[in-house]
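Dear colleague,

Please find below the structure for your review. My notes on what was found in it follow directly after.

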Amino acid sequence: MGSIKDKVAIVGMGCTRFGELWDQGIDDLIIEAAGEALQDAGMELDDLEAVWASTLRSGMSGTVVADSLKLRGVPVTRVENHCASGHEALRNAVFGVASGMYDRAMAIGYEKLKDSGFPGMGVGRPPHPALMQFWTAPTGFGFIASRYFKFAGLDLDRGREILARIAVKNHANGSRAPKAHLRNVITLEQARSAPVIAWPLGLFDCCGTSDGAAAAIVVRAEEAERRWQKPVYVKGIGLSVDACMPYFRTGFDYLGFEASRNAARQAYAQAGIREPRKEIHLAEVHDCFTITELINYEDLGFSPAGKAWQDVLAGTFHADGELPVNTDGGLKCFGHPVGASGLRMLYELYHQLRGSAGERQAGHPRVGLAHTLGGPPQVSCVVVVGSERD
Amino acid sequence: MNGILRYGAYVPYHRLSRGQIAAAWGGRGEKGERAIANHDEDSITLAVEACRDCLEGVDRSQVEGLFFVSTTSPYREKQAASLIACVLGLKPEILTADFSHCLRSGLTAMELARTYTEAGRARSILTVFADTRTAYPGSALEPWFGDAAAAFLVGQGPAGVLWESFRSTSHEMMDVWRTDEDRFVQCWEDRWVKQHGLLEVVSKNTRAICQTAGLEPGEIDRAVLGTTDPRTHRQLASQLRLDVDRQVADPLLDSVGFCGAAHVPLVLAHALEQAAPGQRLLVSAYGDGADAAVLRTTDHLPRARGRKCVSGHLSCKGELPNYLRYLWYRRLLEVQPPAPLLVGSSATLLWREREELYRLVGSRCRSCGEPAYPVQRICLRCQGRDEYDELPLAECRGKLFTFTLDNLASQADPPLVQSVVDLEPGCRIYTTMCDVDPQQVTLEMEVEMTFRRSRKAEGFYNYFWKCRPVR
């Protein structure tokens, strides 16, 4: 397998406010995210040679983007890969540029969840009418929490406290992100005493169900180096879709996802990362639930198996900690419009690496990681980006 | 020998005390309790459970027919027996039939199964009886109705019970009915119904069968009388000159309630559990006439008993918290519909996957032994293709590997106990748990599978397997 390291750079990014955007349609979201990205890159719509668009279910095909932006003669491809869809759009745009076929491409992700009338996330694919009839998003991660607590030797109170600490951290981070869905600061006690959604997960363990869109403009790295200030270079992209319903699979331990581990391994190999905890300066991980963020620490190699909770207690992943995670609030507080989430993560990394994250700025990071995870069945994407071209 | 080879029963887990019903409507509560089908149970699922109870340890390829008897089949048009036979994994080349409409059909169907097998047309026929009749909320009948099922395997072989005689009477009267538009049981004035219906017709038919058989009341070891309430029960016993305490089987009215076409078979199954070999039983059923049979138990009787049978189910129960819950289980109370995340259904898909979904069949790789549910054409472990054996899972026990109490999945009866179970052959399945207090669920608890009606979608009922605690 080859490497995408330093071949492509992000030179412009846009992101709408995330949240319950009752008064905005999918076209509004696309226009706003694309507009900001183009403006940031100093480009016009006509400069775009190709577009990759990601959404779970807010419209079929690339026509939604073409119709919103009034594109003509531009290839627009819709991609969908569960919660990794936003990363999938970026991945394809990056490969499209790296191949030499296109000079300027856009990845745009969007989702309008709040037109369904259902307050929760629901399910992301046409489920099996018998085998999957009662499945909800919290179901799978409730399964993980029950099992993880036992594995890590945490009693219920201790386990819930660890998760609550992750929620408290992400709310604090989200409060400093102007475009985040949930910007309220919460206390440990609030998180612990919240209503149960899927025991042992409570309300504050679940991410926001939001509308939103985010976009990235990519060009070849050598051109970016010459013509743009502070481009952000793609160092590695790993994608893993792991076979056969591990949620039900015999032997699946419910303690983590091999898709995350496989995607990270691919991305680290490309980026030349051997010790992720030291070499990655800041990360945006897929925290659809607090328990997911906890197991991500282990799957991504930030913490040893069964020990991530100790790092939570130590404050390792706080905004001012050793390895800040989800400095914009993550899915938990920034929100989770599914098709947009992967690109929203890049939006935060892009600004952090360029030093333009405002009051959220976490020092001077040079290497950032974004991680998405979807399913079931499991799919995960890991993107490593850096501010310097080797 | 031709007779009853095996018998079994099923009484739903939930009971509602008559005091709870009285507390809801006012008035003095009668004593005892009634069995209540869960919201995911109907006469088909009750029947499946009774059949499984009856057939434990029986080679199902020997069963050559299935009769389903009920006045509450979920379908007015569509056979229930074919679904039950499919779920049980009976072979396809058998006779299946539904008997409906009449409260005494139980004994009738058993008699037909007996004569059919005696004539050598089939080795054995599984007759199953299930009812979930609904009385008007607040009516005098409501506390006395119950939901239950019983199953008898009738045919050639080492029978535990033999027929000595059978007698039938047809009698037309509008005493109890449901028209094609009625949801609730209707009846004419009770005193007339009892006097000229049940008491008169049953007495006449029963006296006649005894006379033909040369049988004095005192020679009957056990009498199984199908009656709807304790008072009528005593009256009938007295008219037949039977000693209620010594001779008449417990009518299960205090513990289960009157369960329609399933009632006489259920009481018979319970009586057989307590009977000894060489005893004589009189069985009498009422409904648009009367059926009566004289039975004799043999030395094979102890081996004819099903797994839990009636007594096992009587001691396995949980009290419904209130009457409101019963109304909802019965869909008599309109509650907030489930979240729109519920998925549709597909008749073609259910047909295509009927072995996996109805019989609960998984696969085991022939090369490496990896088990999987549902059937996987390519092995999860060794990736061998189309090299697997069927792995039947319905009768396997398992351990709860992980679970979550999901408040989002079902709005009406939360929380839903979402469950990941490792079944005994080492095979994992994702399902939900029923008949359990969510607060009592723990990791590694022992569970078994149960066939349930999950929901109505696309205009028809959808069924699937759930798990429940082993009790």
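Ala198(A) has Asp406(B) as its bridge partner in strand E18 of chain B. The two strands concerned, E5(A) and E18(B) (residues 397-406), pair in the antiparallel sense over 2 bridges; strands count as paired if DSSP finds at least two bridges between them. Strands here are DSSP runs of E with at least two residues, and helices are runs of H or I with at least four, both numbered from the N terminus.

Please note that this is a predicted model, in which local features need pLDDT of at least 70 and side-chain atom pairs count only at pLDDT 80 or more, while totals for chains, interfaces and linings use all residues. Residues are numbered from 1 along each chain as its sequence is written, and chains are lettered from A and ligands numbered from 1 in the order in which they are written.

Contact between the chains

The contact takes 31 residues from chain A and 41 residues from chain B, where two residues are in contact if their C-beta atoms, placed from the backbone, lie within 7 Å. On the chain A side, helix H4 (137-152) and strand E5 (196-199) each supply at least two residues. H4(A) gives the most to that side, with 7 residues. By class, the side of chain A that touches chain B has 18 nonpolar, 10 polar and 3 charged residues. In this classification Ala, Val, Leu, Ile, Met, Phe, Trp, Tyr, Cys and Pro count as nonpolar, Asp, Glu, Lys and Arg as charged, and the others, Gly among them, as polar.

Strands E18, E19 and E20 of chain B

E18(B) also pairs with E19(B) (residues 416-423), in the antiparallel sense over 8 bridges; in this pairing Phe403(B) stands opposite Ser419(B). E19(B) in turn pairs with E20(B) (residues 427-433), again antiparallel, over 7 bridges, and Val420(B) stands opposite Tyr430(B) there. E19(B) and E20(B) form a hairpin with 3 residues between them, and Gly426(B) in the turn has a positive phi of about 85°.

How many of the 8 residues of E19(B) are buried? The number is 8 of 8, a residue being buried if 20 or more other C-beta atoms lie within 10 Å of its own, exposed if 12 or fewer, and partly exposed in between, with C-beta atoms placed from the backbone. In a regular strand the side chains alternate between the two faces of the sheet. Both faces of E19(B) are covered, with Leu416(B), Gln418(B), Val420(B) and Asp422(B) on one side and Val417(B), Ser419(B), Val421(B) and Leu423(B) on the other.

In chain B, 13 residues of domain 1 are in contact with 13 residues of domain 2. Helix H2 (43-55) and helix H3 (81-88) of chain B are the elements that give two or more residues to the domain 1 side, and H2(B) gives the most, with 3 residues. The residues of that side divide into 6 nonpolar, 3 polar and 4 charged.

Helix H7 (residues 263-274) of chain B is mostly covered, as 10 of its 12 residues are buried; among them are His263(B), Pro265(B) and His270(B). Its 12 residues should span 16 Å at 1.5 Å a residue, and the end C-alpha atoms are 17 Å apart, which agrees; the expected span is 1.5 Å times one less than the number of residues.

The sheet and helices of chain A

In chain A, 9 strands form an open sheet of mixed pairing, in the order E3-E2-E4-E7-E1-E8-E11-E10-E9. Strand E3 (76-79) and strand E9 (282-284) of chain A stand at the edges with a single partner strand each, so one side of each is left without a neighbour in the sheet. Neighbouring strands of this sheet are turned by 25° against each other on average, direction ignored. Within the sheet, E2(A) (residues 50-54) and E4(A) (residues 104-111) pair in the parallel sense over 5 bridges, and Trp52(A) has Ala107(A) as its bridge partner in E4(A).

The axes of helix H3 (residues 85-98) and helix H13 (residues 338-354) of chain A come within 5 Å and cross at roughly 65°. Axes are lines fitted to C-alpha atoms, for helices over the stretch in contact, and angles run from 0 to 180 degrees between N-to-C directions. The contact of H3(A) with H13(A) has 6 nonpolar, 6 polar and no charged residues.

Yours sincerely
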